[in-house]
Amino acid sequence: MDTILKTEHLCKYYGSGDNQVRAVKDANIAIQRGEFTAIVGKSGSGKSTLLHLLGGLDFPTSGKVWMKDKDMFALKEDELAVFRRRKIGFIFQAFNLVSSINVWENIVLPIGLDGKETDENFVRDIIKTLGIEGKVQNLPHTLSGGQQQRVAIARALASKPDVILADEPTGNLDSKTSDEVVGLLKMSAQKYGQTLVMITHDQDIAQIADRILVIEDGEVVEQG
Amino acid sequence: MRKFLFPVIIGIVVLALADWYFITAANHSYEEKIKILSVMIEEQEKGTDSLATAAGLLKGALGSYGEAGVERLKAYGYLAGQQNSFGVERKASIRNTVLFSAAAFLLYLLSLGLLYGQCRRQWQGELRALSQTLDKFSKHIYELEIPEKMNGKEKEIDRIAGQLSALSEQLRYNEERLNMEKEETRSLVTDVSHQLKTPVAGLKTCFEILNQGNLNPEEEQEFLAQCMRQLAGLETLVGALVNISRMETGMIEIRREPADILETLVSAVNRVYLKAEGKQIAIEFEETEDLKPTIIPHDVKWLCEAFINILENAVKYSPVNTQIRVRMIRMATFLRIEIEDQGIGIPKENYHKIFKRFYRGESEEVRKAEGSGVGLYLTREILERHGGSVTVSSRYGSKRRGSTFVVQIPYD
């Protein structure tokens with residue numbers, strides 16, 4: 001299948017001299033359209049830095065990130081912001097829901113930011129798939145962690161991005177809920193044809209992915 | 001060309017009407033002048049002075065046509081062949097009209113021609129672009145050769161361009177899928193031949209030794225038994241391969257129909273029951289309050305197969321006198337089924353490998369046991385096609401021996 005996300009000699013170093021920290025070293029990865037990739041690493045392995053680079057949230061020291069045929073870091077800052085909003089959906093450990101608005105508003109918020117029309121049927125279908133149809137009027141703080149993460153997943157899916165990047169999506173969840181949330185992530189990404197990249201330290205949930213990459217001391221290797 | 005026939009005919013008609021009008025006007029003016037002359041001749045003969053005649057004409061009092069005057073002019077030969085200055089003037093006027101209209105018509109034709117040429121060139125350019133695109137398609141290059149400026153000019157072409165663009169996406173997708181399938185088939189064939197090689201070679205060696213015939217009866221028996229073992233292994237392997245190839249070539253279709261999943265699980269347990277009993281392994285359902293009928297759409301036959309694979313492994317790799325515990329837990333979206341054994345366990349670094357096709361553990365216990373390395377692979381395939389998942393959990397592991405498999409199946 002075709003490659004949707006690719007890095008070329010991607011490096012991210014912090015500091016200099018003896019204190020230099022090499023968070024990501026010469027990463028060359030290619031992610032295929034529709035694939036579910038898990039990037040597994042311990043804390044401090046550079047996995048979050050890698051995900052931030054993939055999502056254009058952070059600039060590399062050197063190297064490139066291609067999304068389809070766009071060199072992400074060749075874009076101007078404001079172009080990159082628009083590109084990110086349209087092409088990439090983010091899911092974070094901390095859910096990052098807006099506490100003052102209800103679940104439905106949280107889900108459609110990014111679509112509104114982009115001035116696009118909300119495809120209401122599509123959003124309702126996602127909400128149903130994720131099993132939160134009874135919660136759309138609720139405020140986020142009235143939901144359990146698992147439910148909040150479902151809302152965050154719905155929000156990421158709703159704007160129909162090409163790629164969804166999930167940074168420790170189950171970090172705040174108990175183990176059974178973690179399995180379920182990742183199962184759901186896979187099921188819905190499959191259903192809506194989206195490409196999924198998930199960062200995790202949890203080998204258990206990584207098994208659900210189609211493919212596992214391991215990052216250790218900034219170096220990325222395929223898990224054999 | 002045909003669409004230019006209409007403007008040409010219209011042009012001809014318009015010019016013919018104009019010519020007709022101008023020629024009629026010229027004729028009319030000639031006749032008027034002759035009429036004035038003949039009236040003047042007649043009035044002269046009546047003795048009216050020419051000023052009074054002119055005044056009469058201007059007042060319209062002398063309406064009748066001067067036939068007599070005409071006769072007189074004819075008699076003098078002025079009217080024959082209109083050989084008079086008015087006649088010449090009339091002819092010149094008619095000629096000018098005709099010449100002018102012919103020139104106008106030519107100019108009109110020329111501009112029509114130029115317009116046509118331009119349209120045609122653009123049309124041809126667009127057609128050429130389309131044809132180049134199709135040429136590329138036939139060479140498996142799915143790029144559009146269509147210039148930007150075409151957009152909006154011709155609606156039809158625009159639509160074709162749109163259709164081509166969709167087609168190119170479709171073709172590209174098909175080709176990629178085809179390549180992927182080819183790749184998968186190739187790796188399947190490689191894997192299968194690799195798997196078959198060892199037992200076949202073993203079998204061949206046994207037969208060769210038997211064939212040499214210099215064995216005592218005991219040895220012969222031993223080699224025959226060896227042959228039987230190799231054959232049995234081959235049989236299991238072939239059975240597994242048939243399943244796997246059916247699954248991979250899409251001959252197996254997962255048909256999800258509402259059914260009680262507990263029944264499916266129980267019939268899977270029944271299938272391994274004898275083997276478990278033989279090793280005095282108890283299979284127990286825990287958390288019985290959850291064990292009411294659970295109707296979930298699933299493919300009974302294949303999901304049962306998936307459970308059997310997990311349970312068979314549990315039995316195979318557990319020592320005698322142990323337990324296998326099965327738990328069903330209702331989660332929000334998935335039914336979670338945990339199958340926990342007290343067997344040899346799986347090293348953490350191999351968790352993801354066990355679901356790979358033909359992977360078998362490296363430990364001595366695994367190598368001694370019969371198996372093809374297909375079961376868990378098939379299990380994962382079956383569950384994924386149900387929209388679910390299967391993983392092996394480390395979360396219960398650290399203090400306990402054994403493995404816990406976690407199966408998740410969506411409620412709908």
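Which residues in helix 1 of chain B meet which residues in helix 2 of chain B? From helix 1 of chain B come I36(B), V39(B), M40(B) and E43(B), and their counterparts in helix 2 of chain B are S50(B), T53(B) and L57(B). Sorted by class, this contact has four nonpolar, two polar and one charged residues. Please keep in mind as you explore that this is a predicted model.

Helix 1 covers residues 2–46 of chain B and helix 2 covers residues 50–59 of chain B. Their axes come within 10 Å and cross at roughly 135 degrees. Angles over 145 degrees would count as roughly antiparallel and those from 65 to 115 as roughly perpendicular, so helix 1 and helix 2 of chain B are oblique to each other. The crossing of these two chain B helices is right-handed.

## The sheet of chain B

Chain B has an open sheet of five strands, in the order 2-4-5-7-6, with mixed pairing.

Helix 8 (residues 300–316) of chain B lies across strand 4, strand 5 and strand 7 of chain B, and runs at about 20 degrees to strand 5 of chain B. Helix 10 (residues 375–384) of chain B lies across strand 6 and strand 7 of chain B, at about 130 degrees to strand 6 of chain B.

## The sheet of chain A

Over in chain A, six strands make an open sheet in the order 7-8-9-4-10-11, again with mixed pairing. Strand 7 (88–92) and strand 11 (219–222) of chain A are the edge strands, each pairing on one side only. Here too, neighbouring strands are turned by 20 degrees against each other on average, direction ignored.

Strand 8 (residues 163–167) and strand 9 (residues 195–200) of chain A run parallel and are joined by five bridges. The bridge partner of D167(A) is I199(A) in strand 9 of chain A. Helix 5 (residues 145–158) of chain A lies across strand 7 and strand 8 of chain A, running at about 170 degrees to strand 7 of chain A.

## Where the chains meet

How many residues of chain B are in contact with chain A? There are 22 of them, in contact with 17 residues of chain A. On the chain B side, helix 5 (155–212), strand 5 (334–340), strand 6 (389–393) and strand 7 (404–410) each supply at least two residues. Strand 6 of chain B gives the largest share, four residues. By class, the chain B side divides into nine nonpolar, nine polar and four charged residues.

## How confident is the prediction?

The model scores ipTM 0.84 and pTM 0.65. Chain B averages a pLDDT of 83, and 93% of its residues score at least 70. Within chain B, confidence is highest in strand 7, at 93, and lowest in helix 9 (residues 364–368), at a mean of 75.

How values were computed
Residues numbered from 1 in each chain as written. Chains lettered and ligands numbered in written order. Predicted model: local features only at pLDDT ≥ 70, side-chain atom pairs only at ≥ 80, totals over all residues. Contact = placed C-beta atoms within 7 Å. Nonpolar A, V, L, I, M, F, W, Y, C, P; charged D, E, K, R; others polar. Pairing = 2+ DSSP bridges. Axes fitted to C-alpha atoms, helices over the stretch in contact; angles between N-to-C directions. Parallel < 35°, antiparallel > 145°, perpendicular 65-115°, else oblique. Left-handed = near helix turned anticlockwise from the far one by under 90°. pLDDT = per-residue confidence, 0-100.
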